[in-house]
Amino acid sequence: MKWLAALVVLLMPAVAAAHPHIWISQHVRVISENGQYTAVELEWRFDPYASEDEIPAIDENHDGQISMIETKALADDMLPELNKVGFLTWLNTGAPDFRPPQLPTLVARIDDPATFTPPDWNHDDGDKDAGMPMPENKRVKAPEPHSPRNLVYVMRFALAEPAKALTITTFEPDDFIRVEIDKASLPAGCALDKHPTYKSEFVKGKPVFADRVTCKLP
């Protein structure tokens, strides 16, 4: 069984990249027990454009839902691939930063109608400025017409050790995938700012600094 799920594109050659092609709204949840954080949950809502590219390959019976069987097949295929790039995420419970320590559990769903629609943007923006024009056969093609909906991944990562403070930063350095925190979804005790050094920079001199969520318990 072959899956075309969205983040396999991270393995494509740089010449096929653009600025950005995929937009993700990330919701962060922190799980605590006995006054310490024990896990973090990342919810990725893919933009409707990218979602329509990927949903047909995942929703094999085309019923508009992702079944447990379809989710398991997706997890078996995607989680090892995402693990190779550290799930695009850095965590910190003190020092230094580290990648999620183990594979997460995965729940996948389809939000129909869409609950996340990003601003309009040019999927080929930046290619010309970077001197890397997109080959015609690699250009993003419009998906089949459908009412806007989102492919959603919910990944829960257990921390290796409980902690009183936790920071989460998710970004893709080539800006092929733009990840932005949904500000309205921030948990209690958490604040949002920009990471001072982590950034996406497809076009040299035009950095997009990564969103950083910092959570603290009393």
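I start with helix H1, residues 48–58: 8 of its 11 residues are buried, so the helix is largely enclosed by the rest of the structure. Buried here means under 20% relative accessible area, exposed means over 50%, and partly exposed lies in between, with a 1.4 Å probe and protein chains only. Helices (H or I, at least four residues) and strands (E, at least two) are DSSP runs, numbered from the N terminus.

A word on the source. This is a predicted model, in which local features need pLDDT of at least 70, side-chain atom pairs count only at pLDDT 80 or more, and totals for chains, interfaces and linings use all residues. Residues are numbered from 1 along each chain as its sequence is written, and side-chain values use heavy atoms, with hydrogens and water left out.

Back to H1. Its buried residues are Pro48, Ala50, Ser51, Glu52, Glu54, Ile55, Ala57 and Ile58. What do the buried residues of H1 pack against? They pack against strand S1 (22–33), strand S2 (36–46), helix H2 (68–84), strand S4 (105–111) and strand S5 (150–163), where contact means heavy atoms within 4.5 Å. At the start of H1, the backbone nitrogen of Tyr49 has a side-chain oxygen of Asp47 within 2.9 Å. That falls under polar contacts: pairs of N or O atoms within 3.5 Å; within protein, one must be able to donate a hydrogen and the other to accept it, and residues adjacent in sequence count only if both atoms are side-chain atoms.

Now the sheets. An open sheet of 5 strands runs in the order S4-S5-S2-S1-S7, with mixed pairing; two strands pair if DSSP finds at least two bridges between them. S4 and strand S7 (177–181) are at the edges with a single partner strand each, so one side of each lacks a neighbour in the sheet. Within this sheet, S1 and S2 are antiparallel and share 10 bridges.

Another open sheet has 4 strands in the order S3-S6-S9-S8, with antiparallel pairing. Its edge strands are strand S3 (89–92) and S8, each pairing on one side only. S3 is joined to strand S6 (residues 165–170) by 4 bridges, and Asn92 has Thr167 as its bridge partner in S6.

Next, Val213, which is found in strand S9. Why does Val213 count as buried? Because its relative accessibility is 0%. Its contacts beyond four places in sequence include Val28, Ile168 and Cys190. Val213 and Val28 are 185 residues apart along the chain, yet their C-alpha atoms are separated by 8.0 Å.

Last, the disulfide. The whole structure holds 1 disulfide, meaning a pair of cysteine sulfur atoms within 2.5 Å. The partners are Cys190 and Cys215, with sulfur atoms 2.0 Å apart. This pair links distant parts of the chain, 25 residues apart: Cys190 sits in strand S8 (residues 190–200) and Cys215 in strand S9 (residues 208–216). Both Cys190 and Cys215 are buried.
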